[in-house]
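Welcome, and thanks for taking a look at this one with me. Below is a short tour of its surface, helices, aromatic rings and charged pairs.

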Amino acid sequence: MGNKLSSICVDDRKDVKPSKPVTKEIVEVDKPTSSNFFFNAFHSPVGAFASFTLGYKGASGGAGQGIGSPANHNVYIGIENKESQLLKEKTFTSFPFIGATRDTSGDFTSTKKNEFTLPESTKIFSDSQIEREFELSTDTWKAPGIEFKIVSPIKRIPDPDSPKTTQESLKRVLLPAIFAQVTVDNLESDLPRRAVFGYQNPADGRGLENFLHLEGITDGELIGFQQGGKIAIVACGWQETKDDQFTSGGSETFATDEVKTATSFGLDQIFRTANNIEDNWGFGLGQCTLNVVTAPPRSKRTYTFAICFFRQQHHTLGIDTGFYYTKFFDTIIDVAKFAKENHESLIAEWKTPEIGGLVDNAKLNKYQRFQLIHAVRAYYGSTELLLTLKDAEGIKAGRPLWIVNEGEYRMMNTCDLMLDHSFFECVMNRWVLKNILDFYVDRYSYYDKVFLPEDPNTFYEGGISFAHDQGIADIFTGAGKSSYELVKLDDCFSFMTSEELLNWVLGAGVYVGFKPQAEGFNNQGRDDDDQEKLLDWAKTKKDIIIACFNSLKNRDHPFDKTKRNGMINVESDKTKGGAEITTYDSLDPSLARTRQNIYIGGKCFAAYLTLSHLFTLLGENDLSNEAIDQAALAAETIANAFEEDTKSIPAIIGSRSGPGAARIIPAIEGLALPFVSGVSLDYFEFAVSTNPKFAKYINVLQQHTKTILKKGVCIFDDNGWKLSSTSINSWLSKIYLNQFVARKILKVETDEANDIAHVKWLTEVGENGYWAWSDQIFAGVAEGSLYYPRGVTSILWCFE
């Protein structure tokens with residue numbers, strides 16, 4: 001490694017020393033695994049920007065929609081204690097998803113209570129009594145006498161614009177609901193036994209909608225409750241279980257004596273005070289509502305509930321849209337009725353997720369499998385499919401819009417995330433990638449001028465590029481504008497003009513060219529994978545693709561071809577004297593700076609190679625050859641920066657000290673893009689073998705990767721990957737992507753110990769598990785990009 005390389009590996013902040021929570025080993029080695037299984041996970045409908053998040057101890061989950069965090073409800077899932085079956089005042093043992101609460105009954109009298117205490121009417125299962133089975137479409141919790149299973153869809157969405165798509169197929173896929181099943185084991189008792197499932201608002205419920213029981217407003221058709229017309233939990237039916245098999249059930253007659261709904265100030269007020277009278281269970285002031293099931297003696301029954309979400313039309317600003325599902329459902333009552341009527345067939349479909357075969361047949365270790373499953377859930381919890389209701393600049397009414405919200409930040413269709421999601425989207429629903437790319441062209445593209453850093457007052461033709469995002473928190477920004485980018489900055493919140501241009505080009509390449517092939521994966525017959533249609537789209541975007549090529553060349557050098565080196569060497573006038581940044585905006589300049597950065601240079605290489613492939617498909621052979629020449633320039637520039645004494649490349653070409661001289665793993669990141677954009681590995685290897693500049697570039701990157709994947713450089717002490725030698729901020733989504741490149745393309749093996757560390761980052765350190773899947777990890781601690789969708793880059797592991 002050498003003294004020189006060691007001397008530049010300085011963290012940009014003090015090490016964080018997180019506390020480690022109590023853990024419990026999970027059982028089967030072939031299951032997704034974490035030594036601490038009390039982590040939150042998303043359980044979401046498709047395209048509804050909603051989640052019933054559950055798994056972290058305390059009041060840390062529940063039903064939320066349109067928010068960038070868990071809902072922080074007390075979620076009650078409990079079984080009646082046997083010793084209370086003969087008593088009027090019931091006691092329960094519950095899963096540990098509740099925290100201390102305040103009795104708010106005193107707010108209405110002169111006896112206001114400020115103490116926060118756990119309910120007296122429930123104990124908590126110990127860790128040793130609980131098991132969890134965490135899979136793609138099911139998440140199952142088991143404890144003595146009770147099992148709780150959440151079933152959510154991992155389904156392909158038919159293209160709404162395809163003539164082959166039926167409205168019924170869209171209605172079933174876009175149903176804004178998931179299912180929960182409560183199994184009560186009362187086989188050994190001659191007495192009825194109760195169980196509860198519901199939630200309580202956060203301690204201060206003022207300003208939140210109150211609960212409404214559904215029996216009265218649906219003439220008994222629905223049993224359950226709704227809150228504000230936005231969230232509902234509704235009983236669907238029950239099934240008798242014998243020998244772990246469902247044998248019989250009902251959905252119409254069970255409710256009157258087996259499922260009831262109860263509301264009061266809290267669990268104690270429902271079961272342990274004068275309110276423990278069923279006539280008082282409809283108390284309108286209550287902040288806690290439960291579905292109470294009563295299993296008959298000597299029975300084992302599974303009760304199914306639909307957790308429903310709904311938001312009215314006209315809920316976005318900037319562009320008037322509604323959720324696409326409002327074409328099929330007018331109210332949350334409609335959602336609940338459809339979910340109840342179809343729960344058996346939907347659950348049967350959902351328990352076989354679309355990519356189940358792909359994941360099961362992939363050569364993943366159990367830690368990789370866990371991370372992939374966790375990330376897929378987070379992605380779907382961040383998605384919404386909208387329908388435009390009125391014309392707006394760059395868009396007509398009646399157009400479907402696919403939006404992926406950026407986790408805690410809630411920025412919409414962030415362009416850098418668009419590219420990282422593109423691999424997963426082409427596996428599941430290729431049309432949504434086209435939808436985002438088209439929306440960027442039609443409303444969020446712009447043209448700029450550029451300047452050379454040594455002469456900031458002289459401007460030259462730049463060209464087309466794209467905004468960082470399309471809005472934030474259901475507010476669309478104006479045409480060509482983002483919610484993020486500011487002027488006169490050279491770090492976080494500056495413009496990402498060059499990188500977003502690269503991202504659109506590479507996204508177009510993935511859309512047209514990605515042909516995922518793996519055991520257990522079948523995309524035959526899918527309308528949005530039709531090769532002729534993909535090429536037709538490229539033809540309609542030919543002028544844009546050429547404009548992107550010209551814009552990229554101008555950002556290398558705007559007027560002198562002899563000074564071009566395949567890199568980004570200018571700044572956009574959009575910065576107004578500032579400097580462009582990259583998607584790694586919160587890191588130091590080793591990854592955040594655009595000019596002469598080998599991460600961006602690698603993406604330039606990938607973009608030119610992708611453009612060459614697209615131009616060949618479009619019959620533009622001269623442009624294809626020119627793009628290859630630009631790729632060769634980028635390859636040569638980066639390869640020539642290789643330092644023989646350190647066997648590696650500095651992050652910023654020419655830097656010999658400071659963050660610019662850091663060693664970065666994402667130097668190799670760009671190599672993923674040509675491979676998944678139709679430039680097959682065989683073709684890529686052929687190009688390398690016939691083009692000396694390509695061959696040297698790949699050889700240098702392989703040596704660089706082997707050199708830096710060591711502790712003290714780009715491996716943390718806990719064996720996690722460290723993207724930059726000078727920063728403790730490491731992003732899991734990018735680690736996943738670079739692991740794919742290292743193993744698949746560069747033939748550099750990785751260690752399972754790395755994956756173990758990354759699982760611990762998600763589940764074991766401090767409060768990381770509260771945030772479900774998070775991206776920005778500071779020396780093991782999740783401190784940014786929380787509750788985040790970007791981890792689906794891990795889908796590429798299935799194609800190694």
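## A strand and a surface patch

Ile472 sits in strand β25 (residues 471-472); helices (H or I, at least four residues) and strands (E, at least two) are DSSP runs, numbered from the N terminus. The model is predicted, so local features need pLDDT of at least 70 and side-chain atom pairs count only at pLDDT 80 or more, while totals for chains, interfaces and linings use all residues. Residues are numbered from 1 along each chain as its sequence is written, and side-chain values use heavy atoms, with hydrogens and water left out.

With a relative accessible area of 33%, Ile472 is partly exposed; buried means under 20%, exposed over 50%, and partly exposed in between (1.4 Å probe, protein chains only). Together with Leu317 and Ile475, Ile472 makes a nonpolar surface patch of about 250 Å². Patches are made of residues with over 30% relative accessible area and no salt bridge, joining like charges within 9 Å and nonpolar side chains (Val, Leu, Ile, Met, Phe, Trp, Tyr) within 5 Å. The areas come from the Shrake-Rupley method with a 1.4 Å probe, and for residues only the protein chains shown count as cover.

Of the 16 residues in α7, 15 are buried. Asn365 caps the N-terminal end of α7, placing a side-chain oxygen 3.0 Å from the backbone nitrogen of Tyr367.

Helix α18 (residues 692-708), with 17 residues, reaches 24 Å from its first C-alpha to its last, close to the expected 24 Å. Its buried residues include Phe694, Tyr697, Ile698 and Leu701. At the start of α18, a side-chain oxygen of Asn691 comes to within 3.0 Å of the backbone nitrogen of Lys693.

## Aromatic pairs

Rings of Phe, Tyr and Trp (its six-membered ring) pair if their centres lie within 6.5 Å; planes under 30 degrees apart count as stacked, over 60 as edge-to-face and the rest as tilted. By this rule there are 55 aromatic pairs. Phe37 and Phe38 form a tilted one, at 4.7 Å centre to centre with 55° between the planes. Phe37 is buried at 2% relative accessible area, and Phe38 is buried at 4%.

Phe197 and Phe305 have ring centres 5.7 Å apart and planes at 65°, so this pair is edge-to-face. Because Phe197 lies in strand β12 (residues 193-200) and Phe305 in strand β19 (residues 299-309), the pair ties together parts that are 108 residues apart in sequence. Elsewhere, ring pairs link a cluster whose members include Tyr440, Trp504 and Trp537.

## Salt bridges

How many salt bridges does the structure hold? There are 40, each a side-chain nitrogen of Lys or Arg within 4 Å of a carboxyl oxygen of Asp or Glu. Arg311 forms one with Asp474, with the closest N and O atoms 3.3 Å apart. This pair links distant parts of the chain, 163 residues apart: Arg311 is in the loop between β19 and β20 (321-323), and Asp474 in the loop between β25 and β26 (475-476).

Arg526 meets Asp528 in a salt bridge (3.8 Å, N to O) and meets Asp529 in another (3.0 Å, N to O). Arg526 is buried at 13% relative accessible area, and Asp529 is buried at 9%. Finally, a network of salt bridges links Asp420, Glu669, Lys734 and Arg790.

Notes. A polar contact is a pair of N or O atoms within 3.5 Å; within protein, one must be able to donate a hydrogen and the other to accept it, and residues adjacent in sequence count only if both atoms are side-chain atoms. The expected span of a helix is 1.5 Å times one less than its number of residues.
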